[in-house]
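Q: I have not seen this structure before. Could you take me through it step by step?

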Amino acid sequence: MRKCTMCHTKKALSEFWKLSGDRGLRSWCIGCCKLWKAQHKSPSDTPGTLSRFKTATWARINGRTVNGSCPQTRSLSAAAYIRKGVRLEMTKADFFSWCDRNAAAFYELVTRGETPSIDRRESRGHYAVDNLRLLSWRENGRLGGVANGRRLRKPIVATDGPGAIIHRFPSAKEAQRNGFNQGAICNCARGGKHSYKGLFWKFEGNAP
Ligand SMILES: [Zn+2]
């Protein structure tokens with residue numbers, strides 16, 4: 001057994017790639033290496049192919065689920081999912097064939113110049129085939145909350161360190177009209193980012 005220095009999980013030696021020559025094994029497990037690769041492709045390496053999407057997304061899901069192969073607790077965005085206890089409830093084969101069944105929708109997004117991404121229909125649900133849908137990355141980032149396929153406008157509040165309310169907007173979109181970045185606010189409110197412009201952003205009514 002060997003402990004991965006990235007996800008801190010003890011894994012069998014076969015879970016680590018060999019370094020070239022006779023220099024032993026990598027210190028990150030295969031899953032962590034793949035995840036890192038998937039997240040650090042330059043845009044020019046990323047033709048919108050379905051096979052690239054499957055591998056990269058599968059790696060990302062494994063990094064953000066409590067029972068995934070490499071929970072990335074040091075990544076703020078993945079850690080937010082892990083804190084919520086989001087689970088991986090499908091096999092790689094299940095996920096890949098789900099992607100194949102949605103190939104038409106995938107390429108439709110690509111042709112429109114959008115980046116396809118995975119969204120969980122029920123945001124309290126887990127990563128399971130019947131809880132997945134394809135969304136453009138832009139749309140996915142814009143939705144602070146989605147229920148039953150309908151978009152919810154969630155009021156948003158920004159507080160300072162001591163907790164005093166500095167701003168309140170009827171929606172993240174409205175905040176954008178007032179000079180803030182909607183995506184950054186939603187990312188904060190969903191726990192991916194700690195703070196934005198020195199303030200703490202929450203959907204009103206959500207527990208802090
Ligand atoms: Zn690892």
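Q: What helices and strands does the protein have, and how many?
A: This is a predicted model. The protein has eight helices and nine strands.

Q: How much of the protein counts as buried?
A: Of its 208 residues, 24% count as buried.

Q: And what share of the contacts comes from residues 24 or more positions apart?
A: Taking the contacts with a separation of 6 or more, residues 24 or more positions apart account for 40% of them.

Q: Let us turn to the open sheet. What is the order of its three strands?
A: The order is β8-β7-β9, and the pairing is antiparallel. The edge strands are β8, residues 165–169, and β9, residues 200–203, each of which pairs on one side only. On average, neighbouring strands of this sheet are turned by 20° against each other, direction ignored.

Q: What holds strands of a sheet together in general?
A: They pair through backbone hydrogen bonds, in either a parallel or an antiparallel manner.

Q: How many bridges join β7 to β8?
A: Four bridges join β7, residues 156–159, to β8, and the two strands run antiparallel. Within β8, I165 is the residue that stands opposite T159.

Q: Which helix packs on that sheet?
A: Helix α8, residues 182–189, packs on it and touches β7 and β9. The direction of α8 makes about 75° with that of β9.

Q: Which residues of α8 are buried?
A: The buried residues of α8 are I185, C186, N187, C188 and A189.

Q: What follows α8?
A: G191 follows the helix, and its phi is positive, near 95°.

Q: What does Y127 touch?
A: Leaving out residues up to four places away in sequence, Y127 touches I61, T65, V86, R87, L88, E89, M90 and R120.

Technical notes: Residues numbered from 1 in each chain as written. Predicted model: local features only at pLDDT ≥ 70, side-chain atom pairs only at ≥ 80, totals over all residues. Buried ≥ 20, exposed ≤ 12 C-beta atoms within 10 Å, placed from the backbone. Contact = placed C-beta atoms within 7 Å. Pairing = 2+ DSSP bridges. Axes fitted to C-alpha atoms, helices over the stretch in contact; angles between N-to-C directions.
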